[in-house]
Amino acid sequence: MAQTNEYPMLVADEGPLKGQRWAISRPLVMGREPGCDVVIPDRQVSRYHARITPTVQGVILEDLGSKNGTHHNGNALSAPVMLQDGDAMQISYVQGFLFFTSDATVPLSEGPGRPGRLVLDGKSRRVWVNQIQLVPPLSAQQFRLLALLYENQGQVISRIDLVTAVWGEEQASGVSDQALDALIRRLRERLSALDPEQPYIDTVRGHGVRLDNPPA
């Protein structure tokens, strides 16, 4: 029998199936009907809601005429779509799923390898806080700022290094302190919405900013 990591993976995110995962070695039908491959026990989910099909070209997601719809990366699905690594799916806003090209790219949800309460996956550009995915995703500038801090957890990053990472060297000289402060404030607000007791981003006066990411 083939190893699981040879197949793309479907991972249940927020919802009643959170934490479960399926290897996509064959078509998977998702719905409320007990005979479905992925059963979502909620009346808002249609009996046969959506289907994921592996093909030679890639893995396809399609809605099966559901009453409350299927969403792909936040957009209502009106036609079959080819999934990309890290894509997010929502079944009737009841159950969220993530798609990964193999289980080698699935972010850790538990265990000693997990770096902290905040987890950032640079490949899929997704962020989890307290095991909850940040939705909608961070803006490009917010993600670049957080990614630099995440890669250097606990270290103080100077303001000029933050500005260069976010806006690039050519534009760095024209970025004001107020613009950087506003970006940091918005990022703090997004993170605190999921974990208000942990500040995460600390300003070290006169030196810069650091990420405080306590163990999960």
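**View 1. Asp202 and Arg210 form a salt bridge.** In this predicted model, the side chains of Asp202 and Arg210 meet with N and O 3.2 Å apart. Arg210 has a relative accessibility of 25%. That value makes Arg210 partly exposed. Why can such side chains pair? Opposite charges can pair when the charged atoms come close. The count for the model comes to seven salt bridges.

**View 2. Asp177 and Arg159 link two helices.** The side chains of these residues, Asp177 and Arg159, meet in a salt bridge, with 3.8 Å from N to O. Asp177 lies in helix 4, residues 177-192. Arg159 lies in helix 2, residues 159-167. The pair therefore ties together parts that are 18 residues apart in sequence. Is Arg159 buried or partly exposed? At 27% relative accessibility, Arg159 is partly exposed. Salt bridges with shared partners also join Arg159, Asp177 and Asp181 into one network.

**View 3. Glu33 and Arg47 bridge two loops.** Their closest N and O atoms are 3.0 Å apart, in a salt bridge. Glu33 sits in the loop between strand 3 (28-31) and strand 4 (38-39). Arg47 sits in the loop between strand 4 and strand 5 (50-54). Glu33 is partly exposed, at 21% relative accessibility. The cut-off for buried is under 20%, so Glu33 does not count as buried. Arg47 is also partly exposed, with a relative accessible area of 45%.

**View 4. Helix 1 crosses helix 4.** Helix 1 spans residues 140-151. Its axis comes within 10 Å of the axis of helix 4. How do the two helices stand to each other? They cross at roughly 85 degrees, and helix 1 and helix 4 are therefore roughly perpendicular. On the helix 1 side, the contact is made by Gln141, Gln142, Leu145 and Leu146. On the helix 4 side, Leu183, Ile184, Arg186, Leu187, Arg190 and Leu191 take part. By class, this contact has six nonpolar, two polar and two charged residues.

View 5. Look for Trp128: its bridge partner in strand 14 is Gln133.

**View 6. Val81 meets residues from elsewhere in the sequence.** Val81 lies in strand 9, residues 81-82. Which residues does Val81 contact, leaving aside neighbours within four places in sequence? They are Val59, Ile60, Leu61 and His72. Val81 and Ile60 are 21 residues apart along the chain. Yet their C-alpha atoms are separated by 5.5 Å.

View 7. The chain has four helices and 16 strands. Its C-alpha atoms fill a box of roughly 60 × 35 × 35 Å along the principal axes. Of its 216 residues, 45% are buried. Take the contacts between residues at least 6 apart in sequence: 44% of them join residues at least 24 apart.

Key. Residues are numbered from 1 along each chain as its sequence is written. This is a predicted model: local features need pLDDT of at least 70, side-chain atom pairs count only at pLDDT 80 or more; totals for chains, interfaces and linings use all residues. Side-chain values use heavy atoms; hydrogens and water are left out. A salt bridge is a side-chain nitrogen of Lys or Arg within 4 Å of a carboxyl oxygen of Asp or Glu. Buried means under 20% relative accessible area, exposed over 50%, partly exposed in between (1.4 Å probe, protein chains only). Axes are lines fitted to C-alpha atoms, for helices over the stretch in contact, and angles run from 0 to 180 degrees between N-to-C directions. Angles under 35 degrees count as roughly parallel, over 145 as roughly antiparallel, 65 to 115 as roughly perpendicular and the rest as oblique. Contact means heavy atoms within 4.5 Å. Ala, Val, Leu, Ile, Met, Phe, Trp, Tyr, Cys and Pro count as nonpolar, Asp, Glu, Lys and Arg as charged, and the others, Gly among them, as polar. Two strands pair if DSSP finds at least two bridges between them.
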